[in-house]
Amino acid sequence: VVRAEMGSKEHNLVLFPLDYKTFKRAVENGTLTGEISSGTGNSVTLTGSKKQIDDFMKQRAAHMFDLNDTMVIERVGEIDK
């Protein structure tokens, strides 16, 4: 799941990944059921029901993306029509 926005130029697409810390805190405080792994790549594995995860994501949609860690995809040529 990523948040996508058109960039400041017509040929840019900006992607925002999910914020790991949001899901880590939710598992730590019992809002979500899951497992937290740390090491070379921090990860959270959600093990709760689809409804539990959907409800969490709907309630916190505005706060679950890392706005400081973006990926910009830029079109470098014209698209054939």
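**View 1. Phe23 and Phe56 are both buried in this predicted model.** Phe23 belongs to helix H1 (residues 20–28) and Phe56 to helix H2 (residues 50–59), so the pair ties together parts that are 33 residues apart in sequence.

**View 2. Strand S2 (residues 12–17) pairs with strand S1 and also with strand S5.** S1 and S2 run antiparallel and are joined by five bridges. Look for Met6 here: its bridge partner in S2 is Leu13. S2 and S5 run antiparallel too, with four bridges between them. On that side, Val14 stands opposite Val72 of S5.

**View 3. Four residues make a nonpolar patch on the surface.** They are Met6, Leu13, Met71 and Ile73, and together they have about 380 Å² of accessible area. Met6 and Leu13 are the bridge partners from the previous view, while Met71 has its place in strand S5 (residues 71–74).

**View 4. How confident is the prediction along the protein chain?** The mean pLDDT is 81, and 86% of the residues reach 70 or more. Confidence is highest in strand S3 (residues 34–37), with a mean of 91. The lowest goes to strand S1 (residues 2–6), at a mean of 76.

Note on methods
Residues numbered from 1 in each chain as written. Predicted model: local features only at pLDDT ≥ 70, side-chain atom pairs only at ≥ 80, totals over all residues. Heavy atoms only, no water. Patch = residues over 30% accessible without salt bridge, like charges linked within 9 Å, V, L, I, M, F, W, Y side chains within 5 Å. Areas by Shrake-Rupley, 256 points an atom, 1.4 Å probe, with all protein chains shown as cover. Salt bridge = Lys/Arg side-chain N within 4 Å of Asp/Glu carboxyl O. Helix = DSSP H or I, 4+ residues; strand = E, 2+ residues; numbered from the N terminus. pLDDT = per-residue confidence, 0-100. Buried < 20%, exposed > 50% of the residue type's maximum accessible area, 1.4 Å probe, protein only. Pairing = 2+ DSSP bridges.
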